[in-house]
Amino acid sequence: MKAISRVEGRAYPVGLKNIDTDVIIPAVWLKTISRVGLGKGAFESLRAVPGNVFDDPEYAGAPILIAGDNFGCGSSREHAAWAMADMGISAVIAPSFSDIFSGNAFKNGLLAIVLPQAAIDRLMEVARTDDIHIDLETQTVTTPFQDRFEFEIDPFRKHCLINGVDEIGLTLKSSDAISAYEAKLSADRPWLAPNQV
Amino acid sequence: MSTPQTLYEKIWNAHVVEQRDDGTCLIFIDRHLVHEVTSPQAFEGLRAAGRRVRRPDLTLAVPDHNLPTTARLDQNGQPIPIADPESAQQLEALERNAPEFGIDYINASDAKQGIVHVVGPEQGFSLPGTTIVCGDSHTACHGGLGALAFGIGTSEVEHVLATQTLQLTRSKSMEVRVEGELLPGVSAKDVVLHITGVLGAAGGSGHVIEYTGSVIRALSVEGRLTISNMAIEHGARAGLVAPDDTTFAYIKGRPMAPAGADWDAAVAYWRTLATDAGATYDKVVSIDAADIAPSVTWGTSPEDVLPITGIVPEPSAFADPSKQEAARKSLDYMGLTPGTRMTDIEVQNIFIGSCTNSRIEDLRAAAEILKGRKKAANVKWAIVVPGSGLVKQQAEDEGLDRIFTGAGFEWREPGCSACLGMNPDKVPAGERCASTSNRNFVGRQGPGARTHLVSPAMAAAAAVTGRLTDVRELAS
């Protein structure tokens, strides 16, 4: 994972609640065997609407997206996080995220920042004209107008994001503990080994 | 005496390999199901890092999402090539990756092939008390057997392949208790649609839900799988139903399940899993079975649920301003006017299938309504897609296929089909589908497709009349 500690720039003011993974990246784009190139399919149905924020030159290349409740609900497709990263988005700010999307975003160094609806409303307003700044180290979102919103993040996730930790590499350091667990499991519940088809 | 524990706590605690100071746990994964869409990048990651699959014996691969549901073999028994080059490439990748990493692979023309969430329980691969993951959000399905089962992204698929574990933090727990007796015409699908309407699409966020109460206890395993399948549609990480004699009778004798002395040991363990008296959940929601009608969705979120006797809502009637805006957009997409009776909405397409509703009981329920009837003239396309080759065989043995084809349905090969607009089975733009699947998202069944989620019996009823229909009007 690439390290990330700050994001600043314009934000797409999307605001809608329940933006699902089929809206972020429709299934027809999932036939790829690569993690890159999905940006062109991102938010296809929203982009089909004239005057949408994604095709507004005002927001071209914005690294932040602001959304409503339950962002990323639906499918487990990590393609949603890949597609957003591919279109240059580094952070999403919303009142809540689906559990799976939030995990997928984290694995790809895409910040999923939870702020209350009142803060979202204010940021939606600022986003129309000005930049937004996110600092992971101090866990704050700020604007040029002295707005300052603090957010919570799991300390382990914060550490991994700031240091760009390879999580599999980290877990593999626990190989002995996993082996010990497996040995105990085969002793306690030997019937768990599946019969092969 | 030890502290009373919930089913979720018991399964979680039995799978902790390591716990860090911040509460994050390394959780052992007992079963990993793999399909072609969310795995290629994970295998590529393993190759790039020179890593192997730690426990291929706990991993099972089966293609489902991309497969066309038309004939798989030609007259000479040779596989028919997949026309779409990207789908073909993704399917070939799984067919190549599975043996390369030593994983059992069920191929597209094997009778055991089907949707991963149908195959797992059917083969006895999915068991109570286990942790089960798959790169697919409907993995929650297996919770119907009392397994802690949840969907994961591709990075986590790679993590499980490499380590057989996941770094997780414990979710909160919720009990959804459904008491009473289901009214005539009400199925497990109606129960879960109703629950989703009550909780909302995000109502279960951060929680693992245990479904309890007399209604759940009385359901078959198929019905419980349907309920747990859609736990994700109300935002839950996973759904659970405590394993009981109904569960054990379902699993016994399945090919990959424990047998002989192992079986007795397994059942003895499974009996210890039920939530202890006195254990508490972080949240409890009670639902009265008498409030559940045959249900249908009107919008583009699974929370947009109404009884079939309902009318299309007025967006301004919602208290939440963001829901008002979402409802306006939904109605615009769905081409619906507030005040319209749901039973006045015409449908052109019927889809019976998906990991939610493609098991033998689902097909029986639909066939029961279709027996001696035909689809209406305005229904252009009606398909039944059994969840696996074995479900298909059983249905044919029972003569269900003839009822479906006699009513004007197409009888297809197993796969995810029209649930997700990824294979050739799609609903045309602007047309409606009464669908037994799990999501009515914008574009889910194809660009511009309008989905109304219903039970198998309700889908069959809609086929007969050509409009959304109260199944109680057709039931004998």
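Chain A and chain B bury about 5600 Å² between them, with 56% of that area on carbon and sulfur atoms. Buried area here is the accessible area, taken with a 1.4 Å probe, that two parts lose on being put together, summed over both. This is a predicted model, in which local features need pLDDT of at least 70 and side-chain atom pairs count only at pLDDT 80 or more, while totals for chains, interfaces and linings use all residues. Residues are numbered from 1 along each chain as its sequence is written, chains are lettered from A and ligands numbered from 1 in the order in which they are written, and side-chain values use heavy atoms, leaving out hydrogens and water.

**Where the two chains meet**

- The contact (heavy atoms within 4.5 Å) takes 54 residues from chain A and 84 residues from chain B.
- Between the chains there are 32 residue pairs in polar contact, both residues being at pLDDT 80 or more. A polar contact is a pair of N or O atoms within 3.5 Å; within protein, one must be able to donate a hydrogen and the other to accept it, and residues adjacent in sequence count only if both atoms are side-chain atoms.
- On the side of chain A that touches chain B, the elements giving two or more residues are α1 (21-24), α3 (79-86), α4 (99-107), α7 (167-172) and α8 (175-188). Helices (H or I, at least four residues) and strands (E, at least two) are DSSP runs, numbered from the N terminus.
- α8(A) gives the most to this side of chain A, with seven residues.
- The residues on this side of chain A divide into 22 nonpolar, 18 polar and 14 charged. Here Ala, Val, Leu, Ile, Met, Phe, Trp, Tyr, Cys and Pro count as nonpolar, Asp, Glu, Lys and Arg as charged, and the others, Gly among them, as polar.

**Salt bridges between the chains**

- Seven salt bridges cross the interface of chain A and chain B. Each is a side-chain nitrogen of Lys or Arg within 4 Å of a carboxyl oxygen of Asp or Glu.
- One salt bridge pairs A:D166 with B:R51, at 3.0 Å from N to O.
- In another, the closest N and O atoms of A:K31 and B:D84 are 2.8 Å apart. A:K31 lies in the loop between α1 and α2 (44-47) of chain A and B:D84 in the loop between β4 (59-61) and α3 (85-100) of chain B, so the pair joins two chains.
- A:K31 is buried (under 20% relative accessible area, with exposed meaning over 50%, partly exposed in between, 1.4 Å probe, protein chains only), at 5%.

**Salt bridges within chain B**

- B:K10 and B:D276 meet in a salt bridge at 2.8 Å, N to O. B:K10 sits in helix α1 (residues 7-14) and B:D276 in the loop between α10 (261-270) and β12 (283-288), so this pair ties together parts that are 266 residues apart in sequence.
- B:K10 is buried, with a relative accessible area of 12%, whereas B:D276 is partly exposed, at 30%.
- B:R224 and B:D244 also form a salt bridge, at 2.8 Å from N to O. B:R224 belongs to helix α8 (residues 221-229) of chain B, and B:D244 to the loop between β11 (238-240) and α9 (245-251), 20 residues apart.
- B:R224 is buried at 0% relative accessibility, and B:D244 is buried at 16%.
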